[in-house]
Amino acid sequence: MRPNWILLMYIFIAGTSLFLTVVIAAAAAFARVYGWLAEPVTTLLDEILLPMAIVTLGILPWPGFLALARSIVRPTKLNESHVQTESIGTAVAVIIALNEEQALGQVVDDFLGASEISSVIVVDNDSRDRTREIGKAAGARVVVERRRGYGFACFRGLTEGLGSGHDAIVLCEGDGTFRAADVRKLLAYLTHADLVIGSRTHSALLNGDSQLNSFTTLGNLFVAKLLQLRYWDWNVGGRVRLTDVGCTYRAIRTTALRKILPALQIGGNYFGPHMVMVALEHGLRVIEAPVTFWKRVGASKGGNASWRAAFILGLQMIWHIMTHKVRPDLQPDTSGADALQQAPSSQRR
Ligand SMILES: Nc1nc2c(ncn2[C@@H]2O[C@H](COP(=O)(O)OP(=O)(O)O)[C@@H](O)[C@H]2O)c(=O)[nH]1
Ligand SMILES: [Mg+2]
């Protein structure tokens, strides 16, 4: 699927023009009230303001006009697809962990205690602490992924989950920020979908001492909307509705994972949105579900480690969303065994 550049350009032009109008209006108002700009400047601002406001108002409503026109031209059908309900059999939880000895035992316990989860796999991303031992002692099967990187850990976990023979794979972190009680929500949505992504931007579900702050929450929301708009459709404004792009907690059907696994190519921290994009490009049904989000145990290694890390990760995600192309040689295959065999050998262990 090609990026919807027309839409992205519309957002850029409309956003810039709206922003400039607001800034000029504010400057003109302040200059008038406090008199801190010289007379010719205030006059100039006044003169620019009206045409600028007219341009902005002229640009903004066009999606509305087009949607109206489309609904008149094609009044009958909103959506060609049909809702399908397919039950889920068994689910395996896959927990990725890099130096998570402090939280991992409790996380594995939590997931093993969930009635929806049949077994737990821990992906130890070559930790230097006792992550491996603690995962095993808690009752998980532990595999070691030597290539450091969030995306590599997720890929390995999904591959192991696929090989474990369950119907669904629940991916989660080993840092205590997510709770197994939310699995039932993800699986409930999965009965109508192929991939269910958690969202951590719902105020009522965010614990007060969680690591998220307004920058990371609003940043996630903004980047999520960009992703949604890249996969625009006229029916409901996007093939998926997203409010978060950084949530590891997600559930996928084994049948769906088989289709996309070979195309998952990102080893770094923006694997999350990458997986959603690959899923959409392979025609999977993706739904977001709000999950609870708790205080982190131990130090963050990802986007929540610092303002700088969050900012850089945000830019990487935006760049990826705007430029990513699915490689044609990695298009889906129908059989799981084949899909695994087609994964580049460097990604198999
Ligand atoms: N950032 C990062 N996380 C990893 C890596 N390998 C495994 N992980 C695990 O991925 C999850 C996400 O990382 P985390 O430090 O929690 O990032 P945060 O959620 O932004 O604070 C944690 O469970 C990590 O232990 C890696 O190489 N980098
Ligand atoms: Mg985390």
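Modeller: In this predicted model, helix α1, which covers residues 5–34, packs with helix α2, which covers residues 39–59, at an angle of about 150 degrees, and the two axes lie 9 Å apart. Because angles over 145 degrees count as roughly antiparallel, α1 is roughly antiparallel to α2. The crossing in which α1 passes α2 is left-handed. On the α1 side the contact is made by I13, A14, S17, L18, L20, T21, I24, A25, A27, A28, A31 and R32, and these meet V41, T42, L45, D46, I48, L49, M52, A53, V55, T56 and I59 in α2. Sorted by class, this contact of α1 with α2 holds 17 nonpolar residues, along with four polar and two charged ones.

A second pair can be set beside it: helix α8 (residues 214–230) and helix α11 (residues 307–323) pack at an angle of about 5 degrees, with 10 Å between their axes, and α8 and α11 are therefore roughly parallel to each other. Here F215, T216, G219, V223, L226, L227 and R230 in α8 meet W307, A310, G314, M317, I318 and I321 in α11, and by class the contact has nine nonpolar, three polar and one charged residues.

As for confidence, the mean pLDDT of the chain is 88, and 90% of its residues reach 70 or more. Over residues 330–349, however, the pLDDT is below 50, although this stretch has 23 contacts in the model beyond near neighbours in sequence. Where pLDDT is low, the predicted coordinates should not be read in detail.

Definitions and conventions. Residues are numbered from 1 along each chain as its sequence is written. Chains are lettered from A and ligands numbered from 1 in the order in which they are written. This is a predicted model: local features need pLDDT of at least 70, side-chain atom pairs count only at pLDDT 80 or more; totals for chains, interfaces and linings use all residues. Axes are lines fitted to C-alpha atoms, for helices over the stretch in contact, and angles run from 0 to 180 degrees between N-to-C directions. Helices (H or I, at least four residues) and strands (E, at least two) are DSSP runs, numbered from the N terminus. Angles under 35 degrees count as roughly parallel, over 145 as roughly antiparallel, 65 to 115 as roughly perpendicular and the rest as oblique. A crossing is left-handed if the near helix is turned anticlockwise from the far one by less than a right angle, and right-handed if clockwise. Two residues are in contact if their C-beta atoms, placed from the backbone, lie within 7 Å. Ala, Val, Leu, Ile, Met, Phe, Trp, Tyr, Cys and Pro count as nonpolar, Asp, Glu, Lys and Arg as charged, and the others, Gly among them, as polar. pLDDT is the predictor's confidence in each residue, from 0 to 100.
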